[in-house]
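User: Hello! I am new to this structure and would like to learn how to read its pockets and rings. Could you guide me?

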Amino acid sequence: AAAVLEREFGTNTAFVDNTHNDRGWGPRTFKNFKAAADEAAASRLYAGIHYRFAIEGGKPQGQCAAQAVLALRFKR
């Protein structure tokens, strides 16, 4: 998702994520989409969901998927 958002909004677009404000976690500020993606990837390690090698392998896999999506031509 980060690569697709970068294509649409630019690589240095800062943003605030308010997704979990209702849980009392407060807003999360990111300097760009890659920083958010890196934090999301690391959270999978801390939660015990993935091992580090799976996270590091998943990043290029995500880039590959993003490039495939960005290469699609949609009807308007």
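User: Which classes do the residues lining the largest pocket divide into?

Analyst: The lining of the largest pocket has 10 nonpolar, four polar and five charged residues. Here Ala, Val, Leu, Ile, Met, Phe, Trp, Tyr, Cys and Pro count as nonpolar, Asp, Glu, Lys and Arg as charged, and the others, Gly among them, as polar. This is a predicted model, where local features need pLDDT of at least 70 and side-chain atom pairs 80 or more, while totals for chains, interfaces and linings use all residues. Residues are numbered from 1 along each chain as its sequence is written, and side-chain values use heavy atoms, without hydrogens and water.

User: What counts as a pocket?

Analyst: On a 1 Å grid over the protein atoms alone, a pocket is an open set of points where a 1.4 Å probe fits, with protein on both sides within 12 Å along at least five of seven lines; lining residues have an atom within 4 Å of a point. The largest pocket holds about 550 Å³ of space, counted as the space filled by probe spheres set on the points. Among its 19 lining residues, A37, A41, G58, K59 and G62 are the closest to its centre.

User: How many aromatic pairs are there?

Analyst: Rings of Phe, Tyr and Trp (its six-membered ring) pair if their centres lie within 6.5 Å, and planes under 30 degrees apart count as stacked. The structure has four such pairs. One of them, F15 with F33, is stacked, at 5.0 Å centre to centre and 25 degrees between the planes.

Conventions
Phe/Tyr/Trp six-rings, centres within 6.5 Å; stacked < 30°, edge-to-face > 60°.
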